[in-house]
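Good morning, and thank you for coming. Please look at the sequence and the model on the screen while I speak.

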Amino acid sequence: MTCDLIVLGAGPAGANAALAASEAGLKVVLFDQQPEAGGQVWRAPSPGLAVPPSPEAESGGALRARLAASAVDRRFGRTVWSVGGRFRVDAVGPAGNETVEAPRLIAATGAHERVVPFPGWTLPGVIGLAAATVLLKSHRASPGRRVVVAGCGPLLAVVAAGILKEGGTVAAIADLSGPQDWLGALPALSTQPRLLARGAGWALKIGAARVPVLFRHGVRAAEGEEALARVRLAPVDAAGAFAAGAERVLEVDGLCVGHGLVPGAEVTRLFRVEQGFDRRRGGFVPRLDEDGRTSLHGLYACGDGAGLRGAMVAEAAGRLAGLAAAHDAGALDASAFQSAAATPRAALARAHAFSDAMADMMALRPAQVAAIPPDTVICRCEDVTRAEIEAAHGDGARDMNQLKHFTRCGMGPCQGRFCGDVAAELLAAKVGSREAVGTFTARPPLRPVALADLLGAFDYSDIPIPAPAPL
Amino acid sequence: MSAGTSGVGGDARPLVTILVDDVAVPARAGEMLTTALARNGLLRLRKSPRAGGARGAFCHMGVCQECALHVDGVLRQACLTPVREGLTVERRGVL
Ligand SMILES: Cc1cc2nc3c(=O)[nH]c(=O)nc-3n(C[C@H](O)[C@H](O)[C@H](O)COP(=O)(O)OP(=O)(O)OC[C@H]3O[C@@H](n4cnc5c(N)ncnc54)[C@H](O)[C@@H]3O)c2cc1C
Ligand code: FES
């Protein structure tokens, strides 16, 4: 089928883009892999599960209601595995593969977690901080009975408070940042008093439960046989490198750890639009104009996938991209566009200081990467260690694609999403810069899909066999 | 993750039984398979391809592929697969 605009991702960015374009009169198809809209931050609870009231549940509910009342063609539970042409999207869902084409495409695919590897991070029971928010929000499941929460950024408090709420024990919070980092961010955080108040609420909850908060501590190792049994925590310095001081060993069955997010920019990378490396925004991100247009005509990007800026910015940037697409399609004239764009533009300007402060807390710390022991697995899919990555450099690998060929790093089913950023940092330390080593080339399938899903009900006897050519 | 969820109020999802490596395991209809497995203490889902290390769900959002299992005979990401009565899950032999 064809439509005016395809939107990939139904988080705050994509859903608002779809709504804005649809309200302006475009025929919009919205895809998401999840069964419901909301994305990561406003994740829908599992059907039949009541969740306690929270601002996220409220915002998500409101967004889902607006979508349900709109003319947007919602295709949820569909994994988009191919994006090509200008523009053709293939998605696998309950009814097999479906193809939609449109002259315009908005990529709003969000972000995924960054975990800087340490020995044992591959053990069952070790999960991402963002992964923990999924369990807590969608399933009201605690990621363990007794859990260490480690890493950096605001998700530490979100996850620790969530575990307490579901009846779990938080053995410790290990924060790479120090109290002085949080104090330094305070002026920027106080530009969003409501969010600051929530942060204070989490801190109170954590304090009341007497959870030990270890500032400037990182995970030295996770240990266990078939699953996680204990976590070793050690002091770090301001740059994230391990420092002198006593190690703490905690017996736990869960470790939630995360070191910020990485933009899911593979759709824009697939189209080879102009991009640039921006550490604060999480890595390589597409270059955009102020309304979200990429360097390729008809392709737009917004939300965390276009550079990490958080949910508030995602909402406004999504709206703006949707309006821009409607304007470019001729559905909104210049003055209607300018007046509709004023509100999201003002929201973007307001959110700036807050999102920068949060992004700085979660940006990759090079000294932390430099401290990874040589035999630690970097690429989970292919079991490639730091030593093997550095050996590949010794053998002549100078960019990410060469590294992939030399070691299989990034070649597995996650396609480098979990190792790419850290592997690039390791190679860049040898080669000179992140710009020089670049990124893995994005290629379909964007997400692996089962061949059975693409083929549908199919049998060999269904293959038409042409008659042999006459001699 | 083996605990936590017990005693959650407001869970109207029916209890069903799934078969994991031929063993009956209780689960909530509609919850994701990774959550159901973890609730039953089944954290180890597979072995890594080269070193043979124990692996389990890691991202819970469909990105890492660590939770790929044979579900009703087809390779599926367990964190994107909702539970329903009679689902068969095969961990043995999954790489
Ligand atoms: C797991 C996770 C948890 C987070 N938790 C919080 C939190 O608790 N509080 C907070 O303030 N911020 C949180 N953040 C940050 C927050 O998610 C973002 O700031 C905000 O959600 C960005 O909105 P978005 O629309 O850009 O992306 P998202 O909300 O991530 O939405 C992107 C959507 O795209 C879909 N998608 C991506 N690729 C495909 C594909 N190939 N096929 C089909 N669908 C696809 C995804 O399913 C997702 O629904 C979290 C981030 C992550 C990654
Ligand atoms: S746990 Fe990562 S894909 Fe399922």
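This is a predicted model: local features need pLDDT of at least 70, side-chain atom pairs count only at pLDDT 80 or more; totals for chains, interfaces and linings use all residues.

Residues are numbered from 1 along each chain as its sequence is written, chains are lettered from A and ligands numbered from 1 in the order in which they are written, and side-chain values use heavy atoms, with hydrogens and water left out.

Two packed helices are described by the angle between their axes and the distance between the axes. The axes are lines fitted to C-alpha atoms, for helices over the stretch in contact, and angles run from 0 to 180 degrees between N-to-C directions. Helices (H or I, at least four residues) and strands (E, at least two) are DSSP runs, numbered from the N terminus.

In chain A, helix α1 (residues 12-23) packs on helix α2 (residues 55-68) at an angle of about 35 degrees, with the axes 11 Å apart. Contact, meaning heavy atoms within 4.5 Å, is made by A:A15, A:N16, A:L19 and A:E23 of α1(A) with A:L63, A:R66 and A:L67 of α2(A).

Helix α3 (residues 129-139) of chain A packs on helix α4 (residues 155-165) of chain A at an angle of about 35 degrees, with the axes 10 Å apart.

Which residues have the most contacts inside the largest nonpolar core? They are A:F118, A:V148, A:L233, A:L255 and A:C409, in a core of 52 residues. Such a core is a set of buried Ala, Val, Leu, Ile, Met, Phe, Trp, Tyr and Cys residues joined through side-chain atoms within 4.5 Å; buried means under 20% relative accessible area, exposed over 50%, partly exposed in between (1.4 Å probe, protein chains only). Helix α13 (residues 420-431) of chain A gives the most to this core, with six residues. A second, separate core has 35 residues, including A:W42 and A:Y300.

At the interface, 50 residues of chain A are in contact with 40 residues of chain B. The two chains bury about 3,600 Å² between them, 57% of it on carbon and sulfur atoms; buried area is the accessible area (1.4 Å probe) that two parts lose on being put together, summed over both. A:H139, A:R380 and A:D383 lose the most area in chain A, together 15% of what that side buries.

Chain B, finally, has one helix and seven strands, in the order β-β-α-β-β-β-β-β from the N terminus. Of its 95 residues, 57% count as buried.
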